[in-house]
Amino acid sequence: MLNDLLLLCLAAFSAGFIDAIVGGGGLLQTPATLLILPHYPVATLLGTTKIPSIAGTSLAAYRYAKKVKFNYKVLVACAIAAFFAALAGAFLVSKIDNSIIKPIILVVLVAVAIYTYFNKQFGIHQEKNHAVKKQVGLAGLFGLLIGFYDGLIGPGTGSFLMLAFIGILGFDFLGASAHAKIVNVATNLAAIIYFSLSGHILFQYAIPMAIFNLTGAYFGTRLALLKGNQFIRVFFLIVVFGTILRFAFDIIKAYF
């Protein structure tokens, strides 16, 4: 058990570090947990990873809040929609075959990676092309979609939120990362409420992992705020590429 816990804590630290910069830490933490603790139900392991996730994300959100100006109308609309959608996703986690969703996500990620690589200004400067009401409506819409995904599957939610804030609302990387962290706290909280009420959290693993995730988030946020948009852009591309490889592996494994 001790060796398992050490490996889980190492994965949680790395996930917290990555997630604080560009999101997507769950792409490391969730597969690691599934691999290290294969004898537990998947729903239980997904519930367990939500505790370290919300710990690290909350710290990152707090540190970003001290440096970044929030668009509160957009933030509240997105967070509320994402919260209730994540509840629904957590409830349906055992009802839908994830193999149907993953190929679609893979195609989207490949398109995003290509677009971000060739569009050098993507997420570097703040761009506001929408009226406030339209921004709020769009934020609520992608909050519903991504929130549902987070409750249902989870890994990559932070990166998808960043994509939405940048690609749809025109935020820069720093602003998108800050807003994404707050919304991700809301989705994690919703999932924790459902999984804890249904007995799907292993606190003996979740609490130590949360401490290491917090530590990783501290260093990740500090680095992101120090280096700024250009650094986050490069890191974002690396994480998206890693996400593509992970989803591609899952899809190939499922079929072969």
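**View 1. Overall fold of the predicted model.** The protein chain holds 10 helices and 0 strands, where helices (H or I, at least four residues) and strands (E, at least two) are DSSP runs numbered from the N terminus. Along the sequence, the chain follows the pattern α-α-α-α-α-α-α-α-α-α. This is a predicted model, in which local features need pLDDT of at least 70 and side-chain atom pairs count only at pLDDT 80 or more, while totals for chains, interfaces and linings use all residues. Residues are numbered from 1 along each chain as its sequence is written, and side-chain values use heavy atoms, with hydrogens and water left out. Of the 256 residues of the chain, 55% count as buried, where buried means under 20% relative accessible area, exposed over 50%, and partly exposed in between (1.4 Å probe, protein chains only). Among contacts (heavy atoms within 4.5 Å) between residues at least 6 apart in sequence, 85% join residues at least 24 apart.

**View 2. Packing of helix α3 against helix α8.** Helix α3 (residues 42–65) and helix α8 (residues 173–197) pack at an angle of about 145 degrees, and their axes are 8 Å apart; axes are lines fitted to C-alpha atoms, for helices over the stretch in contact, and angles run from 0 to 180 degrees between N-to-C directions. The crossing in which α3 passes α8 is left-handed, a term used if the near helix is turned anticlockwise from the far one by less than a right angle, with right-handed used if it is turned clockwise. Among the residues that make this contact are A43, L46, K50 and Y64 of α3 and L174, K181, N188 and F195 of α8. By class, the contact has 15 nonpolar, 7 polar and 2 charged residues, where Ala, Val, Leu, Ile, Met, Phe, Trp, Tyr, Cys and Pro count as nonpolar, Asp, Glu, Lys and Arg as charged, and the others, Gly among them, as polar.

**View 3. The surroundings of K50.** K50 is found in helix α3 and, at 7% relative accessibility, counts as buried. Not counting residues up to four places away in sequence, K50 touches D150, G154, N188, A191, I192 and F195.

View 4. The axes of helix α4 (residues 72–91) and helix α6 (residues 132–152) come within 6 Å and cross at roughly 25 degrees. That angle makes α4 roughly parallel to α6, given that angles under 35 degrees count as roughly parallel, over 145 as roughly antiparallel, 65 to 115 as roughly perpendicular and the rest as oblique. The crossing of α4 and α6 is right-handed, and the residues that meet include V74, A77 and C78 in α4 and V136, F142 and F148 in α6. By class, this contact has 16 nonpolar, 6 polar and 1 charged residues. V136 lies in helix α6 and counts as partly exposed at 26% relative accessibility. Its C-alpha atom is 4.7 Å from that of V74, although V136 and V74 are 62 residues apart in sequence. Leaving aside neighbours within four places in sequence, V136 is in contact with K73, V74 and A77.

**View 5. Helix α7 and its crossing with α8.** Of the 11 residues of α7, 10 are buried, so this helix is largely enclosed by the rest of the structure. The axes of α7 and α8 come within 8 Å and cross at roughly 130 degrees; the two helices are therefore oblique to each other. Their crossing is right-handed, and the contact involves T157, G158, L161, M162, F165 and I166 of α7 together with F173, A176, S177, H179, A180, V183 and N184 of α8. By class, the contact has 8 nonpolar, 5 polar and no charged residues.

**View 6. The surroundings of H179.** H179 lies in helix α8 and, at 1% relative accessibility, counts as buried. Leaving aside neighbours within four places in sequence, H179 is in contact with K69, F70, N71, L75, F165 and F171. The C-alpha atoms of H179 and V74 are separated by 9.0 Å, the two residues being 105 residues apart along the chain.

**View 7. The nonpolar cores.** A nonpolar core is a set of buried Ala, Val, Leu, Ile, Met, Phe, Trp, Tyr and Cys residues joined through side-chain atoms within 4.5 Å. In the largest such core, of 41 residues, F142, M162, F165, L169 and V183 touch the most other members. The elements that give two or more residues to this core include α1 (2–22), α9 (203–227) and α10 (229–255). A second, separate core of 13 residues includes A43, V185, A191 and F195.
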